Amino acid sequence: MADSGSEDIAVIGNTDLTPLESENNLKNTMVEKGTSLLKKMEISVAEAEKRTGKNAVNMQETYTVYLIETRPVDAASEGTNPVLDSLWKRYSEFELLRNYLLVTYPFAVVPPLPEKRAEFVWHKLSADNMDPDFVERRRVGLENFLLRVASHPVLSSDKIFYLFLTEENGWKETVFETGFQAKADSRLKALNATFRVKNPDKRFAEMKHYGDELQSVISQLLRVRARAADRLYGVYKVHGNYGRVFSEWSAIEKEMGDGLQSAGHHMDAYAASVDDILEEEEHYADQLKEYLFYADALRTVCRKHELTQYELEMAVQDLTSKKQQREELATGTIRTFSLKGMTSKLFGQETPEQREAKLKMLETQIEEGEEQVKERNAECDEFVKSAWVDIERFKEQKDHDLRESLISYAIMQISMCKKGIQVWNNAKECFNKM
Amino acid sequence: MMSGSVVDNTVSSGNSSAAIPTDISGQILDLDEDDDLEVFSKDTTLTDGSSFNASMQTSPASMINQYKFEEDADTKDIFVTVDNPESHVTAIETYITYRVMTKTTRSEFDSSEFEVRRRYQDFLWLKGRLEEAHPTLIAHPLPEKFVVKGMVERFNEDFIETRRRALHRFLNKIAEHPIFSSSEDFKIFLTAASGELTSHKKQGPGFLSRMGDTVKAVAAAVRGVRNRPQEFTEMQEYVEAFSQKISSLDKVTQRIVREQKEYLEELKECGPTYALWSQSEEELAEPLKNVAGCVDRCCKETEEQVKNLSDHLIPVLHEYVLCADTLKAVLRRRDNIQADFEAKTEALATKKADRDTMRNDLDKAEDRLEWANNALKSDWTRWQKVMRTDLRSAFVDTAERNVSYYEKCLAVWESFLHSQRTDAEGNGKVDFS
């Protein structure tokens, strides 16, 4: 941007960014801040296709597959037509990939997938998964997901991710061979259980609270926006009736006929223009939705941290109790209540040999316990460190992206206003000829 | 001998109207313009005012020929306003009066400025008198007695204001009409004190003579017209179609207003949601608050746009819906005058007694018919021009308001963009090149 040097900043150029361009802005940002993966290859989800086949219970089903294309960057910049690596994947395979990443990198705010079913729809928009508009928006969402992962400093170097992009057959088996599923199941169980942490980390608690708020407010915004879109559609479409009536009226008038007829055409154009306007707004809604789902990913990280913290606290508690037991056994004092202790009091003390054996066992357990505490402590520290780095990265990304979204929303509104001005000026000219 | 052909003089359709005045056009013509009527030649066909008979300078018929269609503001010599509604409470009723102010340079007025108070009933009376005197001239409609749809009280502010504007337009249209504006009743309406007006209203044909005329009128109406000239049939067809189209436009516009109001309801929730969001954010707080402000401003503009449509376009369309009804009534009255003439023609041919009287009646009926036809034809042309002007300017006005609405919203969002761009460049964050 040339430095004008003057105090008055002229309104700069182009206010007509199309949604395609604003999405390119996003991609360019991801590539610029680039990871080594993105420096090597270009990734895109180029097409979507319908397939039919037999599913797990041997029934016919129709599903959509998406074409993932990768291209080595160097070849492209040399201007030669590079050989594209391309393979087809279903939405469920994307889900599998994401689940794998969630389990393998619990500290990471894992980019979300586009929604499984259309939600927050306004009535003209189809909620049908097979609807071509929905499939197209999903294609864009899936491409965005891959690019997000590919630009993540940690996730981008994952082998399974690389194989996802390059291997069509056998990828699923490879994923399952990592045994992540078992880890996933146990994690899921633990996360779903209710537990309370004694000394919650303030920062993570605040983050979780923020995630809650973000999710709530974006949901509300999407709902309100969908309803407003519905209403706006009605306003524009009713103007189409003007077109019809003007045309009919012009038939019975002599001098007014031409003016009325042409004004009517502009009213039809006005009514039709709302379709494009609302389609563009859907892109904006999709950008909001991505961060709606990101909010959930953020909360998941905070929850996982809580779990890690809890497990540490449990280990410490366990160790402390074991140490106490040893002390009691060694000094003969009973501070902690135990049934054995009571019965031995009632029915007589143990023999020195029994005590010896017990002490020995406790010692081993204490050793193991201390190891575990050390491990868990390290785990916790490691988690906190990596998670906080990723959260900071996420915050910056979110602030930048959402600001871009708001700007593109403003640009959309401007475009809509310009169209309105044009149509009504045209109509006015025609009315003047009445 | 006063012959009466009674004409259907209902003021507006769909409502129970005040007493239907009988047509005493025959009497009035005989009293005031008898001389002129004899001069009036049956051979002169007056179509769109292009032909001009010098000998009839002072007759009302010639005035139809004479007036210009495009009147400059310079030649306007009477200005009427209706404003200042006030409510009056008596033991029997509560009603509203409006101030009617007149400024004029016309010599037939005693003074150059007048201020009187009139109620809706008075306007109804005036319209009735004008239609009695000129059954085939086209009078601008009055606002309806009460709004049929919706529970609008008579004393609701919006209703009063809408009515006031319509009454203002009505009087101005009368003042601009070449024939109506020189009516004695119009003059009295504009100038007389309330007491004077009341006593003037009481004059007019007696109840009994009105009854007699009614019977004859019903007979004529039942008989129907036999040989309606093609041009009047064409007029009727046009009026039918026009009535349908303008009603549709009225309905479409009302629907647009409804849809916009519902859109506004939803939009009103957007701004506060963005504001709520800004409370959870740090970096994003400023742009979010900014967007919230923009959405709120657009809401205000939308609200005003809705009001504009309701205040400006809808009343005009509504008046022309009523106009269509007036036109139908005028055509009916013309038909009845013709039916009366045809009946008298037949009577003369068949009956043997009273031939002289009947011949006289027939001549009068023939004159009346010719007068009615010519008056209608001229006024039809005038009305079409006025209609065209009114509707054209109403739609142009609407288009301009829409443009202005979008321009204002555009400015709102451009200022947001501007703030974001200067912000970003200030922070050295994003390159917008």
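Eleven residue pairs are found in polar contact, both at pLDDT 80 or more, across the interface of domain 1 of chain B and domain 2 of chain B; a polar contact is a pair of N or O atoms within 3.5 Å, where within protein one must be able to donate a hydrogen and the other to accept it, and residues adjacent in sequence count only if both atoms are side-chain atoms. The model is predicted, with local features needing pLDDT of at least 70 and side-chain atom pairs counted only at pLDDT 80 or more, whereas totals for chains, interfaces and linings use all residues. Side-chain values use heavy atoms, without hydrogens and water, and residues are numbered from 1 along each chain.

Two elements, α3 (120-133) and α4 (157-176) of chain B, each give two or more residues to the side of domain 1 that touches domain 2 (helices being DSSP runs of H or I, at least four residues, numbered from the N terminus). The largest contribution, four residues, comes from α4(B). This side of domain 1 comprises eight nonpolar, four polar and six charged residues.

Three salt bridges cross the same interface, each defined by a side-chain nitrogen of Lys or Arg within 4 Å of a carboxyl oxygen of Asp or Glu. The side chains of B:Glu131 and B:Arg333 form a salt bridge at 3.9 Å, N to O.

By automatic or database assignment, domain 1 of chain B spans 78-204 and domain 2 spans 230-422. The contact (heavy atoms within 4.5 Å) takes 18 residues from domain 1 and 23 residues from domain 2.

Technical notes: Chains lettered and ligands numbered in written order. Nonpolar A, V, L, I, M, F, W, Y, C, P; charged D, E, K, R; others polar.
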